[in-house]
Amino acid sequence: MTGTTDGGDAVISAFMAAGADYIFSSPGSEWAPVWESIARRHRDGVPCPHYLDLTHETVAVGMATGYGLVTRRGQGVLLHAGPGLLQGSVAIHGALLAGVPMVVASSESTTYGDGPGPDPGGQWYRNLSVVGGPHVMAAPFTKWSSQAASVHTLPAMVTRAAELAAHAPAGPVYLNVPLEVLLEPWEETPIHRVVPQGTTVSSPAEVTAVAGLIKAAANPVIVTETTGREEGGLDALVAFASAYRVPVVEPNSAVCANFPRDHELHAGGDLEPWVDTADLIILVDCRAPFYPPSRRPARAKIVVIDDVPQRPHIVYQVLRADAYLSGGVAATLRDLAAQAGPAPSRTWESAEPESVRKAEEKATGLDPVTVTATLRELIGEDSIVVDETITHSRVVQRHLRRTTPDSYFYVQGGLGQGIGVALGVKLAAPGRTVVLTIGDGAFLYNPVIPSLEAAKANGLPLLILVYNNHEYRSMKMNHLRFYPQGAAVETGEFLGNDLSDQPSLAAFAEPFGMHGETVSTGGELRPALERALKSVRNGTTAIVNVRVSR
């Protein structure tokens, strides 16, 4: 590569060493050295990560999250100064909750125009500076946060950040790279390649002891939230549960497909019936099993199987463990399955209670169950569903009945990230149909225009299915919970709830040349979804805005 190298080249070289496929950026003026490095590499035929210009921070971080959910590998995210970091903070926090690795970077000035070298610009002095630096702001919603204070340490800071992001518990890290460091000359030197982390499991004696507890249990149950996030996790959990004939509960806090919903051992989404009857509760990648946390099992011993059982980003966590198996979950489950011996005979409740099946059979019109069941029939198992519904999330999880790894992801943290996450999933899985299920309230929280622009500019077609009840239903439900006989019930005045004056959500598709439809009756649903799927499979995003009955 010809031309003088500087901190921008150091950043790109370090991301290459870290194995980043993409740099997702909501651009800021500090990143000119990175842009110049990429331009030189393109000119000279030198490899570099793909760079995506995105017009909103939530979209940039969300796409890195979606890409990481599928690939399980961290990418680079470049934001602008402190304000851009704060704008992206909700999505960064979501990545932390989802356990998705990424290296997020933004900048500051250290000289404010009074030092030697290029003038950083007056905006840093007047508007963009943060007392203590942006890395101090990032600390509460990232796994690790620091500053690269010199171009000489910059490459190793980036690769160290990538390693920290990838190792358990995986999550986003933040690096503050001052503009003066980016502009500082750098003598290009080889950067040590970041290698994948090794697999760890508990000692054989500890695994054997837990296997003995399971064999001795008369009424055990497995609870899981995120086993499917680990590569091979779903299959390992199926093998483990089958070997010991233990039913599996996926609570409503499950964030991905962890166990096939049609498997005979799937025991639904409610742990409560087991809390007082089970004699052994096995928490597999389950960070918050009991609610309220003081809810104590009547007689069960508790085994925790997790790469990092005590999640440092959780403020208050109660597991009540009697035994821990810490390390790679899939490997641990396979080790346990190997010690199972003859499978015992056990009985339990049906994975899908009769009342649930009847609810689906009897649903008429545009009940959310009907919408979800129709979607399930049309999209097939090879599709991926990203879910950002709230009041309908239980319906979506239950009636999609996902059975394969990486076929369902629930968006974590604050609302407004769903479209970006779905775009990142599509980027990682271009050959699969990606569907975003979302409520109208959540849709309106999303940066819709930047998201749709990113979909069109980068050839990432989605089916966006809106469950539209024209209200923030969860707001009203909580109001009724606390004040069941209050003034709002008496007068009908429910604040924070009404979305009846929203614009046509399907109409957002029109300026981008995308497919948009509004569905109001049962007879319109299937044809509309079929047209939308045809559009998506032909390369054009579709928005189907469905008026649901509740």
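How many bridges join strand 7 to strand 8? Strand 7 (residues 220–224) and strand 8 run parallel and are joined by 2 bridges. The structure is a predicted model, in which local features need pLDDT of at least 70 and side-chain atom pairs count only at pLDDT 80 or more, while totals for chains, interfaces and linings use all residues. Residues are numbered from 1 along each chain as its sequence is written, and side-chain values use heavy atoms, with hydrogens and water left out.

View 1. Helices (H or I, at least four residues) and strands (E, at least two) are DSSP runs numbered from the N terminus, and two strands pair if DSSP finds at least two bridges between them. Strand 11 (residues 323–326) has a covered face formed by A323 and L325, and an uncovered face formed by Y324 and S326.

View 2. Contact means heavy atoms within 4.5 Å. Axes are lines fitted to C-alpha atoms, for helices over the stretch in contact, and angles run from 0 to 180 degrees between N-to-C directions. E206 lies in helix 10. Its relative accessible area is 40%, and E206 is partly exposed (buried means under 20% relative accessible area, exposed over 50%, and partly exposed in between, with a 1.4 Å probe and protein chains only). From C-alpha to C-alpha, E206 and I38 are 50 Å apart in space, and they are 168 residues apart in sequence.

**View 3. Helix 15 against helix 16.** The axes of helix 15 (residues 368–379) and helix 16 (residues 393–400) come within 9 Å and cross at roughly 40°. The two helices are therefore oblique to each other (angles under 35 degrees count as roughly parallel, over 145 as roughly antiparallel, 65 to 115 as roughly perpendicular and the rest as oblique). Helix 15 makes the contact through P368, V369, T372, L375, R376 and I379, and helix 16 through V395, V396, H399 and L400. By class, this contact has 7 nonpolar, 2 polar and 1 charged residues. Ala, Val, Leu, Ile, Met, Phe, Trp, Tyr, Cys and Pro count as nonpolar, Asp, Glu, Lys and Arg as charged, and the others, Gly among them, as polar.

**View 4. Helix 15 against helix 22.** The axes of helix 15 and helix 22 (residues 522–537) come within 10 Å, crossing at roughly 40°. Helix 15 is thus oblique to helix 22. On helix 15 the contact is made by T370, V371, T374, L375, E377, L378 and I379, and on helix 22 by L525, R526, L529, E530, L533 and R537. These residues divide into 7 nonpolar, 2 polar and 4 charged.

**View 5. The enclosed helix 1.** Of the 11 residues of helix 1 (residues 7–17), 10 are buried, so the helix is largely enclosed by the rest of the structure. Among the buried residues are D9, V11, I12 and F15. The buried residues pack against several elements, including strand 1 (22–25), helix 2 (32–44) and helix 8 (154–166).

**View 6. Backbone details.** The peptide bond from A168 to P169 is cis, with omega near -5°, and P169 is in the loop between helix 8 and strand 6 (172–176). Another cis peptide bond joins Y291 and P292, with omega about -5°; P292 is in the loop between strand 9 and strand 10. A81, although not a glycine, has a positive phi of about 50°. A81 lies in helix 4 (residues 81–87) and is buried, with a relative accessible area of 0%.
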